[in-house]
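Keep the structure open while you read and check each point as you go.

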Amino acid sequence: MRLHRNLCFAVIDGLTLIFNEGNYADKVIQQLLKRDKRWGARDRAFVAETTYDIVRWKRLYAEIAEVKEPFDRDNLWRMFAVWATLKGIKLPDWKYFENTPSRKIKGRFDELSKIRKYKESIPDWLDELGEKELGKAVWTKEMAALNEQAEVILRVNTLKTTKDKLQAELFDLDIETEFLKDYPNALKLKERANVFSTEAFKNGLFEVQDASSQVVAEFLDVKPGMRVVDACAGAGGKTLHIASLMDNKGQIIALDIYGNKLNELKRRAKRNGAHNIETRVIDSTKVIKKLYDKVDRVLIDAPCSGLGVLRRNPDAKWKLQPDFIESIKKTQQDILQQYSRMVKAGGKMVYATCSILPSENQKQVDEFLTSDSGKDFIFVEDKKVLVYKSGFDGFYMALLERKK
């Protein structure tokens, strides 16, 4: 593999924004990919994957390169040299790579790979928390899996097409997919491709949604004609799935505190042909109170640490702080206490997170069930999805039923 100067410069510029300016990696990469119209698919893939790689392994590469934050451009070139050396890429004779100690880099890598926090490139506090909550053996396997690149999974929009038809349509565009056992509406891409530029996407035949995330709406056990609330709907990935499971019959009320996310959901719903979704911004407690005791199903896809989706957001390892996790747990419990009151007698509720920590998951459900608001609910079942076991994002979901 030959390194091209303009592509490497793009990576260094991106890393400067992510590490020193605190910008989100996905947004930075979106910008970088628009930088040069002459870049082909391979050039863009190099920029995106290399940037993500160095973000993912920041601590390990910085340790090997013997550089400390805040990184200046020379530091970032040294980390880039570590990345290239470990990938077996021959370094060109540019001034940035003068005196790169290739053998020493490999030696340091072998040495540091014996220590989990360096090997998996995570902050000390996160390594300690993960081991404390999941146990050493599980955390070691889970963290290794969280550092692998996530596969691209599509959810077929059954309001408009079938799995077989979509697979055939994509095959005609040289995009090969395969079915996933136990995931009825999922197609997995055999190779990464820009599916967003296809007519099939523009016509709302599918959404990109991880297989674990697709389980949540099914877990809610919705039926056509029901009244359903997606209480933390965001941009509505799960809302749209619920609409297709309900066959566009009944009512879905999508709630969120962010109006801009709900506007995005409206755009997506239009593309998906989902007509039974109404959006409401939670701008006061009245919005929830109006729905007390009136809803067949409530989905609480609660805000969380996001540790189950680190494969997609590797920069979250560096942005996340221990005090955020403590405060989000309070938020999770508050949401459970308030939003559960929308469920009518005999109705059901799912509490879900994309976290793998028991303290954000089953412990929150246990606390709710022993509280005043939770005494009317029965625990039905839960699912803990770990990345190293499933191959997909880490998730938790618990199904609770309100007593008749």
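1. Start with residues 142-403: their end C-alpha atoms lie 37 Å apart, and the span is 34% helix and 24% strand. Helices (H or I, at least four residues) and strands (E, at least two) are DSSP runs here, numbered from the N terminus. According to an unreviewed UniProt entry, this stretch carries the annotation "domain: SAM-dependent MTase RsmB/NOP-type". UniProt positions are in the numbering used here, feature names are shortened, and annotations may be inferred rather than shown by experiment.

2. Some ground rules. This is a predicted model, in which local features need pLDDT of at least 70 and side-chain atom pairs count only at pLDDT 80 or more, while totals for chains, interfaces and linings use all residues. Residues are numbered from 1 along each chain as its sequence is written, and side-chain values use heavy atoms, with hydrogens and water left out.

3. Next, have a look at the open sheet, where four strands run in the order β2-β3-β1-β4 with antiparallel pairing. Two strands pair if DSSP finds at least two bridges between them. At the edges sit β2 (177-179) and β4 (206-208), each pairing on one side only. From one strand to the next, the twist averages 35°. Angles run from 0 to 180 degrees between N-to-C directions, and axes are lines fitted to C-alpha atoms, for helices over the stretch in contact.

4. Inside that sheet, β1 (residues 153-156) and β3 (residues 186-189) are antiparallel and joined by three bridges. Leucine 154 has leucine 187 in β3 as its bridge partner. Helix α10 (residues 163-171) packs on the sheet and touches β1, β2, β3 and β4, with its direction at about 160° to that of β2. Contact means heavy atoms within 4.5 Å.

5. Where does UniProt place the feature "active site"? The unreviewed entry puts it at Cys354, a residue in the loop between β9 (343-353) and α18 (362-369). Cysteine 354 is buried, at a relative accessible area of 18%. Buried means under 20% relative accessible area, exposed over 50%, and partly exposed in between (1.4 Å probe, protein chains only). Leaving aside neighbours within four places in sequence, the contacts of cysteine 354 are Cys304, Gly306, Leu307, Gly308, Val309, Gly394 and Phe395.

6. How many disulfides are there? The count comes to zero, taking a disulfide as a pair of cysteine sulfur atoms within 2.5 Å. For cysteine 232, the closest cysteine sulfur is 10 Å away, in cysteine 304, which is too far for a bond. Cysteine 232 counts as buried, at 16% relative accessibility, and cysteine 8 is buried too, at 0%.

7. Helix α13 (residues 237-245) is largely enclosed by the rest of the structure, because seven of its nine residues are buried. Those are Lys238, Thr239, Leu240, His241, Ile242, Ala243 and Ser244. After α13 comes aspartate 247, with a positive phi near 60°.

8. Finally, β6, α14 and β7 make a right-handed β-α-β unit: with the strands pointing away from the viewer, the path from the first strand over the helix to the second runs clockwise. Five bridges link β6 (residues 251-256) and β7 (residues 277-281), which run parallel, and leucine 255 stands opposite arginine 280 in β7. Asparagine 260, in helix α14 (residues 259-272), is exposed at 56% relative accessibility.
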